[in-house]
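Hi everyone, thanks for coming.

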Amino acid sequence: MGELELSGSGVRMRVSVNVALAGGPPSMWAIGARSAWLGSNDPWLALPNLTSVSGVDWSVFGRRTVVAGLSLAVGAAAGSLSAEQTTGSVSLMLFEGYGRAELSLLPRGVVSPVLALGAGAYRLKSSDGGQTFYHTNGFWSAGGGVDVAVSPSVTLELRLERHWMRDTNFGHVATLWPLAAGVRAGL
């Protein structure tokens with residue numbers, strides 16, 4: 001949004017201007033990739049003397065817009081975490097498959113707040129063959145962020161989520177906090 005000043009033949013006029021991204025309607029299908037920093041808070045069961053957990057992950061996803069502002073995504077992620085204990089550190093590998101619904105609050109805006117709710121399955125295994133730590137089960141996630149349209153078909157994403165990790169034998173085993181940045185392109 002802005003203002004334009006026109007002058008000619010001694011007459012001046014100010015006109016309000018709204019600029020929209022060029023192009024047709026956005027694509028209903030998109031593919032994307034994200035990278036995230038992962039942090040954790042307690043509880044994290046089955047690791048004695050735990051002081052912190054952090055790491056990174058990378059994910060790819062496919063996305064379909066159902067109606068303006070509401071989309072469904074399916075994706076996969078892989079990551080590497082370090083669990084710091086008072087007795088040393090343990091390397092963990094994380095694999096996830098997930099589904100997510102996202103609601104864009106300003107679907108036609110250049111910048112739009114986004115709310116997300118999802119669920120999936122994960123495997124988290126220590127690098128010693130799972131002797132120190134091994135969990136495979138489900139998780140659910142909730143979070144939000146912002147989308148920034150840089151062209152009619154390319155959107156940058158920033159997300160902060162909370163993943164509640166569960167295990168059949170232990171219940172709630174961990175809470176991960178991914179802070180992710182990514183990009184998606186309409187097909």
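Predicted model: local features only at pLDDT ≥ 70, side-chain atom pairs only at ≥ 80, totals over all residues.

Residues are numbered from 1 along each chain as its sequence is written, and side-chain values use heavy atoms, with hydrogens and water left out.

Okay, rings. We describe an aromatic pair by the distance of the centres and the angle of the planes. Rings of Phe, Tyr and Trp (its six-membered ring) pair if their centres lie within 6.5 Å; planes under 30 degrees apart are stacked, over 60 edge-to-face, and the rest tilted. That gives us one aromatic pair. Trp-140 and Trp-164 have ring centres 4.1 Å apart and planes at 15 degrees, so they're stacked. Trp-140 sits in strand E8 (residues 134–149) and Trp-164 in strand E9 (residues 154–167), so the pair ties together parts 24 residues apart in sequence. Strands here are DSSP runs of E, at least two residues, numbered from the N terminus.

Next, charges over rings: NZ of Lys or CZ of Arg within 6 Å of the ring centre and within 35 degrees of the ring normal. Arg-34 lies over the face of Phe-61, 5.2 Å from the ring centre, and Lys-125 lies over the face of Tyr-134, at 5.2 Å from the ring centre.

Last one: where is Leu-103 found? Leu-103 is in strand E6 (residues 88–104).

Terms used. Helix = DSSP H or I, 4+ residues; strand = E, 2+ residues; numbered from the N terminus.
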